[in-house]
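Q: I'm new to this one. Can you walk me through it, starting with a single contact and then zooming out?

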Amino acid sequence: SILPLHFCLLRPKDIVSGDFNWVKRIDDYIYFAAIDCTGHGVPGAFMSLIANNTLNQTVYTGTLDTGQILTTLHQRINQTLNQDENSNRDGMDISICRWDQKNKKLTFSGARNPLIYLNEKGVHKVKGDKCSVGGIISEKHRNYEFTTHEIDVNSPTMFYVFSDGYQDQFSSDTNKKFTLKRMLSLFEKHSHLSMNEQHELYSSEFDKWKGDTDQIDDILLMGVKLE
């Protein structure tokens with residue numbers, strides 16, 4: 001109901017997942033994100049619970065932009081897991097967007113993960129910052145402030161956010177990774193399809209590539225079309 005034109009391909013490696021998608025409407029803004037927590041299975045799912053609760057607490061404190069959300073989330077995960085005092089380095093990689101429909105602007109921030117979008121001008125990649133949320137390992141990362149990117153949405157635009165599970169999957173034929181380059185090629189060829197068609201296509205392409213090889217990580221790919 002919040003994002004009528006969307007699809008979400010989620011395939012846990014185990015029964016439960018460290019990857020999850022997140023969507024919220026707050027005031028005049030719609031937020032959507034793809035989150036990849038440390039680990040998979042039960043440890044990953046445990047981090048997903050912490051991430052989801054902390055993310056909800058963060059966005060309800062005010063209409064923060066995406067960079068402020070990740071910066072605050074970074075600090076709160078560090079405090080929740082007491083990472084200054086122990087050896088815990090769990091955290092998450094995130095692509096998060098905020099859609100301002102009134103002003104036709106989308107803001108994006110990424111913790112290691114990018115945003116890909118396609119419009120009449122072609123394929124665009126916006127890189128995430130080279131810092132994860134949580135898992136502080138240096139003084140530089142402890143007080144890290146995440147970057148906010150702004151995109152004008154003046155025509156129908158297809159956005160993709162995802163974890164690294166799809167691109168890192170090995171092929172049973174070549175034993176090579178799928179790679180982000182192949183993902184971009186798929187997006188360019190198929191972004192015009194309906195949401196259901198895209199979901200089915202990206203799912204089948206993954207199966208063909210994986211073949212008999214074991215799935216190595218949780219898979220999350222979310223597509224959103226904004227008009």
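This is a predicted model: local features need pLDDT of at least 70, side-chain atom pairs count only at pLDDT 80 or more; totals for chains, interfaces and linings use all residues.

Q: Which backbone atom does the side chain of Thr-148 reach?
A: The backbone nitrogen of Gly-67, at 2.9 Å.

Q: Where is Thr-148 found?
A: In a loop. That loop runs between helix H3, residues 139–142, and strand E9, residues 149–152.

Q: What else is Thr-148 in contact with, leaving aside neighbours within four places in sequence?
A: Asp-65 and Gly-67 again, plus Thr-66 and Gln-68. Thr-107, Phe-108 and Ser-109 are in contact with Thr-148 too.

Q: How far apart are Thr-148 and Met-222?
A: In sequence, 74 residues. In space, 20 Å from C-alpha to C-alpha.

Q: New topic: Ser-48. Which helix is it found in?
A: Ser-48 sits in helix H1, which covers residues 41–59.

Q: And is Ser-48 buried or exposed?
A: Buried, because its relative accessibility is 9% and the cut-off for buried is under 20%.

Q: What does Ser-48 touch, not counting residues up to four places away in sequence?
A: Ser-17, Gly-18, Asp-19, Phe-20 and Cys-37.

Q: Zoom out now. How many helices and strands does the protein have?
A: There are 6 helices and 11 strands. The radius of gyration is 17 Å, close to the 17 Å that the globule rule gives for 227 residues, so the protein is as compact as a globular protein of that length.

Q: What box do the C-alpha atoms fill?
A: Roughly 45 × 45 × 30 Å, along the principal axes.

Q: How much of the protein is buried?
A: Of the 227 residues, 52% are buried.

Q: What about contacts between residues at least 6 apart in sequence: how many join residues at least 24 apart?
A: Of those contacts, 68% do.

Q: And the surface: what does the accessible area come to?
A: About 11,000 Å². Carbon and sulfur atoms account for 46% of that surface.

Q: Last one. How many positive and negative side chains are there?
A: The protein has 25 positive and 30 negative. The centres of the two sets lie 4 Å apart.

How values were computed. Residues are numbered from 1 along each chain as its sequence is written. Side-chain values use heavy atoms; hydrogens and water are left out. Helices (H or I, at least four residues) and strands (E, at least two) are DSSP runs, numbered from the N terminus. Contact means heavy atoms within 4.5 Å. A polar contact is a pair of N or O atoms within 3.5 Å; within protein, one must be able to donate a hydrogen and the other to accept it, and residues adjacent in sequence count only if both atoms are side-chain atoms. The radius of gyration is taken over C-alpha atoms; the globule rule is 2.2 Å times the number of residues to the power 0.38. Buried means under 20% relative accessible area, exposed over 50%, partly exposed in between (1.4 Å probe, protein chains only). Accessible areas come from the Shrake-Rupley method with a 1.4 Å probe; for residues, only the protein chains shown count as cover. Lys and Arg count as positive and Asp and Glu as negative; His and the chain ends are not counted. The place of a charge is taken as NZ of Lys, CZ of Arg, CG of Asp or CD of Glu.
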